[in-house]
Amino acid sequence: GAIFGLMGALVVVALKIGADSRQIMFWIALNLVFTFFIGTNISWQGHIGGLVGGAAVAAVIVYAPKARRAPIQWSAVSGIVLLTLVAIVVRAAALA
């Protein structure tokens, strides 16, 4: 999940600066193929969650407007962390 988070963040940053993101998109696609079709006992939820979470945090950081950038970034990242913690608690309760 963490590596997928880094790849998601890299895509967002590449799009922000106008870089060529084809190579990282290839690696994401390849790893998703392994996740869904090759691997056994691989948490697809962790991989997708990491990808979406990493992209969301990176998007908040790089696309925050200059006016009041720090408070917007802090509150948005805190909200993402809070949502993640709520999802963990809900899932743990469902497993108990």
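Leaving out residues up to four places away in sequence, H47 touches G1, F4, T35 and I42, where contact means heavy atoms within 4.5 Å. The side chain of H47 also makes a polar contact with the side chain of T35, at 2.7 Å. A polar contact here is a pair of N or O atoms within 3.5 Å; within protein, one must be able to donate a hydrogen and the other to accept it, and residues adjacent in sequence count only if both atoms are side-chain atoms. H47 sits in helix α3, residues 44-63, and its relative accessible area of 18% makes it buried. Buried means under 20% relative accessible area, exposed over 50%, and partly exposed in between, with a 1.4 Å probe and protein chains only.

The model is a predicted one, so local features need pLDDT of at least 70 and side-chain atom pairs count only at pLDDT 80 or more, while totals for chains, interfaces and linings use all residues. Residues are numbered from 1 along each chain as its sequence is written, and side-chain values use heavy atoms, with hydrogens and water left out.

As for the overall layout, the chain has 4 helices and 0 strands, and reads α-α-α-α along the sequence. Helices (H or I, at least four residues) and strands (E, at least two) are DSSP runs, numbered from the N terminus. The C-alpha trace spans about 45 × 40 × 10 Å along its principal axes. Of the 96 residues, 21% count as buried. Among contacts between residues at least 6 apart in sequence, 52% join residues at least 24 apart. The chain exposes about 6,800 Å², and carbon and sulfur atoms supply 74% of that; the areas come from the Shrake-Rupley method with a 1.4 Å probe, and for residues only the protein chains shown count as cover.

On the inside, the largest nonpolar core has 6 residues: F4, M7, V11, I24, I28 and L51. Both α1 (2-17) and α2 (22-38) supply at least two residues of this core, and the largest share, 3 residues, comes from α1. Such a core is a set of buried Ala, Val, Leu, Ile, Met, Phe, Trp, Tyr and Cys residues joined through side-chain atoms within 4.5 Å. Neighbours within four places in sequence aside, I24 is in contact with M7, L10 and V11.

Then there is R68, in the loop between α3 and α4 (69-95). R68 counts as exposed because its relative accessibility is 62%. Its phi is near 60°, a positive value in a residue other than glycine. Most residues other than glycine have a negative phi.
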